[in-house]
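Subject: Structure for your review

Dear colleague,

Please find below the structure that I am handing over to you.

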Amino acid sequence: MSRKIRITAGNVSTEAELTESETADALWGALPIRGAANVWGEEIYFQVPVEAPLEASAREEMEVGEIAYWPPGSAFCIFFGRTPASVDDAPRAASAVNPLGRVAGDPKDFLSVRSGEAVLLERTT
């Protein structure tokens, strides 16, 4: 079953496809979710009403365009480039995150989003 969500952050709007995981199931069940963007290097994250432990697939090294859940902050993350934790050009989370899927459009579009701007996660039809 393919589950797609729309991520709207500031003036950027794109679809993303969720993976099959317990954390993705919990996120799907909590939609729609509204928040305010926090920018950390080339990553946007914001708190979501989801509680989930680290999964077996959790990791710190991410790929450009991946979305994930960060358990310590109950946060949804969008990775689109280097972060302060990066050791090369690849995105790196502050600590291990549960991968949730990836965005369909150009992840670099999120470069225009500023801290405090509204973020909306919703199911697509």
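The side chains of R3 and D25 come together in a salt bridge, with 2.8 Å between N and O. Please note that this is a predicted model. Side chains of opposite charge can pair when their charged atoms come close. Because D25 belongs to helix α1 and R3 to strand β1, the pair ties together parts that are 22 residues apart in sequence. R3 is buried, with a relative accessible area of 3%, whereas D25 counts as partly exposed at 40%.

How many salt bridges does a search of the whole structure find? The search finds seven. Another of them joins E66 and R59, whose closest N and O atoms are 2.5 Å apart. Here E66 is buried, with a relative accessible area of 8%, and R59 is partly exposed, with 29%. E61 and R92 form a further salt bridge, their closest N and O atoms being 2.3 Å apart. This pair links distant parts of the chain, since E61 lies in strand β6 (residues 59–61) and R92 in strand β9, 31 residues apart. Both partners are partly exposed: E61 has a relative accessibility of 33%, and R92 has a relative accessible area of 21%. E61 and R92 also belong, together with E60, to a network of salt bridges.

I turn next to the overall architecture. The protein contains one helix and ten strands. Read from the N terminus, the order of elements is β-β-α-β-β-β-β-β-β-β-β. The C-alpha trace spans about 35 × 35 × 25 Å along its principal axes. For 125 residues, a compact globule would have a radius of gyration near 14 Å, and the 13 Å of this protein agrees with that. Of the contacts with a separation of 6 or more, 71% are between residues 24 or more positions apart. Buried residues account for 45% of the 125 residues. The protein exposes about 6000 Å², and carbon and sulfur atoms supply 50% of this area.

Returning to F110, its contacts beyond four places in sequence are I7, A9, V12, T14, I44, I78, F80 and V103.

An α-helix has 3.6 residues a turn, so residues three or four places apart point the same way.

The peptide bond joining L31 and P32 is cis, with omega about 0°; P32 is placed in the loop between α1 and β3 (33–36). S74, in the loop between β7 and β8, has a phi near 45°, a positive value in a residue other than glycine. Is S74 buried or exposed? At 7% relative accessibility, S74 counts as buried, because the limit for a buried residue is under 20%.

Finally, G101 lies in strand β9 and counts as buried at 11% relative accessibility. Beyond four places in sequence, G101 touches E17, T19, G65, E66 and I67. One of these, E66, is the residue that forms a salt bridge with R59. G101 and G73 are 28 residues apart in sequence, and their C-alpha atoms are 19 Å apart in space.

Yours sincerely,
A colleague

Key: Residues are numbered from 1 along each chain as its sequence is written. This is a predicted model: local features need pLDDT of at least 70, side-chain atom pairs count only at pLDDT 80 or more; totals for chains, interfaces and linings use all residues. Side-chain values use heavy atoms; hydrogens and water are left out. Contact means heavy atoms within 4.5 Å. A salt bridge is a side-chain nitrogen of Lys or Arg within 4 Å of a carboxyl oxygen of Asp or Glu. Helices (H or I, at least four residues) and strands (E, at least two) are DSSP runs, numbered from the N terminus. Buried means under 20% relative accessible area, exposed over 50%, partly exposed in between (1.4 Å probe, protein chains only). The radius of gyration is taken over C-alpha atoms; the globule rule is 2.2 Å times the number of residues to the power 0.38. Accessible areas come from the Shrake-Rupley method with a 1.4 Å probe; for residues, only the protein chains shown count as cover.
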